[in-house]
Amino acid sequence: MVDKNFYNIKENVTLAQVAEVTSAVLLDTAKATEVVASIATMTSAGSEDICFFYDRKSKDKAANIKAKACVTTEDLKAFVPENVIVLISSNPKEAFIKLNEFMYSEKMPKAGIDPSAKIADSAHIGEGCFIGANVVIEDGVVIGDNCLIEPNVVIAHDCKIGNSCRIGNNASIAYSIIGHHCYIYSGARIGCDGFGFQFMNGQHHRIPQIGRVIIGNDVEIGANTCVDRGALDDTIIGDGCRIDNLVQIAHNDKLGMGCVIVAQVGIAGSCNLGDFVVLGGQVGLADHLNIGSGAQIAAQSGAMRDVEPGAVVMGSPCVPFKDFMRQVSFLQKNSKK
Amino acid sequence: MVDKNFYNIKENVTLAQVAEVTSAVLLDTAKATEVVASIATMTSAGSEDICFFYDRKSKDKAANIKAKACVTTEDLKAFVPENVIVLISSNPKEAFIKLNEFMYSEKMPKAGIDPSAKIADSAHIGEGCFIGANVVIEDGVVIGDNCLIEPNVVIAHDCKIGNSCRIGNNASIAYSIIGHHCYIYSGARIGCDGFGFQFMNGQHHRIPQIGRVIIGNDVEIGANTCVDRGALDDTIIGDGCRIDNLVQIAHNDKLGMGCVIVAQVGIAGSCNLGDFVVLGGQVGLADHLNIGSGAQIAAQSGAMRDVEPGAVVMGSPCVPFKDFMRQVSFLQKNSKK
Amino acid sequence: MVDKNFYNIKENVTLAQVAEVTSAVLLDTAKATEVVASIATMTSAGSEDICFFYDRKSKDKAANIKAKACVTTEDLKAFVPENVIVLISSNPKEAFIKLNEFMYSEKMPKAGIDPSAKIADSAHIGEGCFIGANVVIEDGVVIGDNCLIEPNVVIAHDCKIGNSCRIGNNASIAYSIIGHHCYIYSGARIGCDGFGFQFMNGQHHRIPQIGRVIIGNDVEIGANTCVDRGALDDTIIGDGCRIDNLVQIAHNDKLGMGCVIVAQVGIAGSCNLGDFVVLGGQVGLADHLNIGSGAQIAAQSGAMRDVEPGAVVMGSPCVPFKDFMRQVSFLQKNSKK
């Protein structure tokens, strides 16, 4: 049951509307005017709710569905109890997302600038923006239209942010140029100095970090994640990348389009990732690696060498997935003798 | 020597008081009026201090104790130099905690609301709260009595926080319902969107995250730790859980009572942890796992499958502790040939 | 090309100036009045730029240098195309740093205190400091001269900070004494309670944390890194340490001089590191370990036992580097049978 205190909820949604929004087919059209109260999971849905069933592995749960209605596939509908109203979809997961977006939304603040925000005279704020309390926007910053800058954000001098971006509270942006439709989460640190030192005269002497962070369109960067700016060249995050919480992206890293970087990954400096690379949680990459497009590196793995496009690897140091599994079973078998 | 600048210190504490507070027995009652200046470790305690000796492994250190007094067990007292005044306790570690709480305390700010705090009219703040500078409390928030909300905290709309909670500076709370006596540390991010996407039309399309974070009573959540809110169901942290710094807890995770989650652990989405589970530092859990009550997963381990209640496991992928040690020694022995 | 919006750039720098600043020798003195526009990498430098070539592994790139000038060694100059003006340096990497510092600098705010900063009457701020918007400085804090305290920083009561320190925005400092020339990055949490509990009466009872964090001179602590204060003794970070982003340093840890701690390392409580220890990214140390001076622990490794001075170790649990490589190759070879 979605909490009305936190979300806007559309009420009295009929199964006819569900069918329309999700492009699903309501098998028993006599039920078109039936109303659903809430979207819920297969196990938690009650008699007024609708659920979605798209994973064959959940077929045991399906037998116990208590929902009023269930959106599923032609293939899976046989597992749904007879008293549940069925809608057939070629892709129930997409149907779930569409109905979800139709029925629920976050309560967003109205456009406007909080009087406590400190915005430099030379900064430019687009139309329809919300700028929260205690936000600091320094000289020369340009922010596009319809942006949501949450409280206590600091945007350092001369950064550029596109349209329809959201910057979560307490985040820090510096030396960065950010595209449209990006979401930088709370506490993310974008554009800090890279970690570069040279041992000179008995001390670790800082190598000046004079690059930037360039972020494409439609990028998400998770809570408390750090993206350091380039040392000389830029750090680049391609269009459509999804970066989870507590990730470390070092100076000069370049991520292609649509990469998925799960929580607590650490990418050392000057790595090149192709498009649609997937790094599982806690993966570590050594510096200066090339990770080919479509490569997938399993959680907790560590890469010390380049990874070929499309490769699926695992382990620390990582090897092809099958080799890793063979190593695991070899070790398990032989160590017990 | 505890620093008076930072802590309140009770002075002129006599050994009689020590005995009373700690339920320890002062062997030489003629020393009851002797005063101790400070609690210190076995190695750093000087001639005015008191120390605690409860670990047999430290018996070599015991011979060099320079303290005025030492609280130890009947078993261990023989290791303490003769000139040190001895108090006998059945549990010197608990005695240490009790004396510590008696002699020292943090300097807490007085109740009151800083004028720079921005509190929505519809928010409700309980009795005896301290609300620090630049705190932002949005519409509909309810905060119990005697809470300490440190500077620059942002509490988003409609969150509920119980009595006697402390929220460290620069923390973010959203979509959350928090019990009594909880301590959320600086920079923690509670209630951000979970990391959920569906590949649609060539893009990673966000799956709406419309759940909450429900936190029980007497919970601690460490600095810069992230707890994402549920996608549809809630993310739940049970009573008495202790979560360290820089931990990632993903959407829909459910932790039972009294779990201990050490720093930099990453728990992927929809995991179920029983009661009193212990996860060592940097442990990673794959999604949708069940970790049974009392299970212990050693530091840096990775779990890809369910873990039985009470199991003690290690490695990545993790195996029973003894098997892991056997693997390590097998590998070490055989690889050297 | 360094971005003029973000950095101060010295223009019209001649090769004579380059030679002087870097102590390099311009081979063709007729070129002394030639001007360079920008420092760039070997691959990105254009016909007005200068690059630096010091790694023999990059000799293939050298053949394609398009720069106007290149600083390199006597040994490597043969790899540079004939039309590129060559300067000879005994240490081109240091030359790079020196020219970089000569040509570029960050745009720093002017000294002054933002009117929104909340500074306790009993705090003392040195000469020439910048104190940003919404900064909170509590009772008894002492800040040296020429410090840069960025917006939204919270410095809790009685902390001491030396001269020429920089505290990045949204950072938190408590129970800490910090030397001169330190840089604490955005979102770092210095001085939070350590993670210490005792199981008493069926609950995890907090062990009071009444120590401090003592930070030497010339220390850097990365973004969103956490350094917990000591439980009874202090947590100590020695002079010249370099700590990257998202690192966890627990209570009572003691780091010697010049340690390099790469991103996402986790050091459990009461560890002692000697001088110039290097911990690669994501390394984990168990508690109470001694890591000898000059020891190097490779990325993702885990130490469960002490590490000898000067040792180079790898793996989880870590072993000498050569042993680790032997284990890896043994496993790879034998598991394929």
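Okay, let's start with a definition: two strands pair if DSSP finds at least two bridges between them. And strands here are DSSP runs of E, at least two residues long, while helices are runs of H or I, at least four residues, with numbering from the N terminus.

Quick housekeeping. What you have above is a predicted model, where local features need pLDDT of at least 70, side-chain atom pairs count only at pLDDT 80 or more, and totals for chains, interfaces and linings use all residues. Residues are numbered from 1 along each chain as its sequence is written, and chains are lettered from A, ligands numbered from 1, in the order in which they are written.

So, have a look at chain C. There's an open sheet of 10 strands there, paired in parallel, and the order goes β10-β13-β16-β19-β22-β27-β30-β33-β36-β39. What's at the edges? That would be β10 (118-119) and β39 (302-303) of chain C. Each has a single partner strand, so one side of each is left without a neighbour in the sheet.

Let's zoom in on one pairing in that sheet. Strand β30 (residues 248-249) of chain C runs parallel to β33 (residues 266-267) of chain C, and 2 bridges join them. Across that pairing, Gln248(C) sits opposite Gly266(C) in β33(C).

Now over to chain A, for a pair that runs the other way. Here β23(A) and β24(A) are antiparallel, joined by 4 bridges. Phe197(A) faces Arg206(A) of β24(A). These two strands make a hairpin with 2 residues between them, and in that hairpin Asn201(A) has a positive phi near 50°.

You'll find Ile243(A) in strand β29 (residues 242-243) of chain A. Buried or exposed, Ile243(A)? Ile243(A) is buried, because 27 other C-beta atoms lie within 10 Å. For the cut-offs: 20 or more other C-beta atoms within 10 Å of a residue's own is buried, 12 or fewer is exposed, anything in between is partly exposed, and C-beta atoms are placed from the backbone.

And what does Ile243(A) touch? Leaving out residues up to four places away in sequence, the contacts are Glu220(A), Ile221(A), Gly222(A), Thr225(A) and Ile261(A). By contact I mean C-beta atoms, placed from the backbone, within 7 Å. Take Glu220(A): 23 residues from Ile243(A) in sequence, yet the C-alpha atoms are 5.8 Å apart.

Where chain A meets chain B, 48 residues of chain A are in contact with 44 of chain B. On chain A's side, α3 (92-103) and α4 (321-334) each give two or more residues, and α3(A) gives the most, with 5.

On the other contact, 44 residues come from chain A and 48 from chain C. Here β22 (189-192), β23 (197-200), β24 (203-206) and α4 of chain A each supply at least two residues. The largest share, 4 residues, is from α4(A).

One last point: only 18% of the interface residues of chain A are also interface residues in chain C, so the copies meet through different surfaces.

How values were computed: Contact = placed C-beta atoms within 7 Å.
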